[in-house]
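Here are my notes for you to read alongside the picture. Take them one at a time and look for each part as you go.

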Amino acid sequence: MKSSTLPNAIVLACALALSACSSQDSATPAAPASTAAAAPADTGGSLKGDFGPPQGEPVHAILTSPPQVPPPTNRKAPAKVIVDLEVRELDLEIAEGVTYTFWTFGGTVPGSFIRVRQGDTVEFHLHNHPESKMPHNIDLHGVTGPGGGAASSFTAPGHSSQFTFKALNQGVFVYHCATAPVGMHVANGMYGLILVEPPEGMPKVDKEYYVMQGDFYTTTKYREKGFAPFDMQKAIDENPTYVLFNGAETALTGDRAITASVGQSVRLYVGNGGPNLVSSFHLIGEIFDKVWYEGGTRFQENVQTTLIPSGGAMIADFHLEVHGSYLMVDHSIFRAFNKGALGILKVDGPEDKAIYSGKEIDSAYLGDKAASMASVQTAAKSSAAGTLSKEEQINAGKTLFAGTCSVCHQESGAGLPGVFPPLAKSDYLATSSNDEVIKLVLNGLTGVVKVNGQEYNSVMPPMSQLNDDEIANILTYVKNSWDNGGGQVTAAEVTAVRSGTPRAEGAAH
């Protein structure tokens, strides 16, 4: 916005008035010149992003799969950058024991990370794998031109398309498929990020990672095992089954968690593919030193939670002082703990009790992601094959119990005296049928209950968000732990009880 020019008389009057105010208020000294807020430099825009024709030999872009980021370009002049990106339609795991047909750029959700420099001329090659069932294209938000490349890149299965653009604006930008129905292509995972570095490059950090949120819509329930088909009506209604980072509930947990060390600086490039939801991105236990909001050239400092619109992105830098496990979440918090929008940054290094006492209770936030989910995956595979054993149920149930029940009932099953009843050596469990304990989990319990001769008057909320196999595995674990005498609960039993039990007020499906 251009500043207006004041008439000289008005300028003189303003100056005299300011001078008078200054002399009358001698108790308030003027701020030193060194502390005055400097106007931010004009970092450009498309009018300043053309640095002339490419120089030197063409460069083939290094593309990386999430959560990895390509190395800095380290170039002082614009280049011709060749990008080769292939579309693949793949059945991949969206949660433990759940598969979904993703449409991908580069075989992953999100698609491959692309890194170029402002002023580069990008020669883009889009390939659609011969086994694809659908045509696809690409709209890069970093392109100056109608459609962002979509009209130039419509590609049938087994074919390739090519177009060229100059990266005029610095920032981190979303790309996505824009073939009709656009929402369905995006909802199936067709999005990614392209970083257009400033001419001087990004400030140096020790670690860089790539995270992208997306919402997914299935005809099946959350974590319901087997194949999960796409549900167009849920997508239109904006009612996702899953909200995920990097396309899977396990993409950034367990052995796939991102890592760093105390004393290191970390940068996250975080996008939101949508197609519908706005992300409230938060890293529990850290404060972002800088956030380049909306992926642009301005940053905010000391940020707790930042909004990322659907089809938008941001860059966050922070420094690590304390070791432990840090959770990345969408702070629309049910999405994190009941739809999957949760990832982990594991930080190693020495303690600094002057900053933090060192007490760490992972299970309070990590839930069932606090431990390896291998036992749950094993049980899911065996269940699908019809070979599920009681021992596999017990192992899977132990993992699920740790994330769902142990905060109240304790890892030892002892409960909390006078507050939560014990599950260990429980006469209540010993005298209750499978159907009765299944109903208890599905509907919850309010009011007085007597366990092992003691009365408890607390509230157990309905746990009906758990799927049938999860309830069966947890109850089988409980029945076979802490001298409870054994027994087994099957998913079929839970299914039968659920279908014949009225939905409790406040319960889930």
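1. A word first on what pairing means here: two strands count as paired if DSSP finds at least two bridges between them. Keep in mind, too, that this is a predicted model. The strands concerned, E6 and E8, pair in the antiparallel sense, with 2 bridges.

2. Stay with His176 for a moment. Which residue of E9 does His176 stand opposite? It is Tyr191. Tyr175 has an opposite number in E9 as well, namely Gly192. Taken as a whole, strand E8 (residues 171-176) and strand E9 (residues 191-197) are joined by 6 bridges and run in the antiparallel sense.

3. Zoom out and you'll find the sheet these strands belong to. It is an open sheet of 4 strands, ordered E4-E9-E8-E6, and its pairing is mixed. Where are its edges? Look at strand E4 (114-117) and strand E6 (139-140), each of which pairs on one side only.

4. Is E8 mostly covered or mostly uncovered? Mostly covered: 6 of its 6 residues are buried.

5. Gly296 sits in the loop between strand E16 (288-292) and strand E17 (299-303). Why does Gly296 count as partly exposed? Because its relative accessibility is 27%, and partly exposed covers the range between under 20% (buried) and over 50% (exposed).

6. E16 and E17 lead us to another sheet. This open sheet has 6 strands in the order E12-E10-E14-E19-E16-E17, and the pairing is mixed. Strand E12 (242-245) and E17 are the edge strands, pairing on one side only. On average, neighbouring strands in this sheet are turned by 20° against each other, ignoring direction.

7. For a pair that runs parallel, go to strand E10 (residues 207-216) and strand E14 (residues 265-274), joined by 8 bridges. How do you find your way in? Start at Gln213, which stands opposite Asn272 in E14.

8. Now for some helices. The axes of helix H10 (residues 434-443) and helix H12 (residues 491-499) come within 10 Å and cross at roughly 65°. The crossing of H10 past H12 is right-handed. On the H10 side, the contact is made by Asn434, Asp435, Ile438, Lys439 and Leu442; on the H12 side, by Glu493, Val494, Val497 and Arg498. What kinds of residue are these? They divide into 4 nonpolar, 1 polar and 4 charged.

9. Last, the big picture. The protein has 12 helices and 23 strands, and 48% of its 509 residues are buried. Its accessible surface is about 24,200 Å², with 55% of that belonging to carbon and sulfur atoms. Among contacts with a separation of 6 or more, 70% are between residues 24 or more positions apart.

How values were computed: Residues numbered from 1 in each chain as written. Predicted model: local features only at pLDDT ≥ 70, side-chain atom pairs only at ≥ 80, totals over all residues. Heavy atoms only, no water. Axes fitted to C-alpha atoms, helices over the stretch in contact; angles between N-to-C directions. Left-handed = near helix turned anticlockwise from the far one by under 90°. Contact = heavy atoms within 4.5 Å. Nonpolar A, V, L, I, M, F, W, Y, C, P; charged D, E, K, R; others polar. Buried < 20%, exposed > 50% of the residue type's maximum accessible area, 1.4 Å probe, protein only. Areas by Shrake-Rupley, 256 points an atom, 1.4 Å probe, with all protein chains shown as cover.
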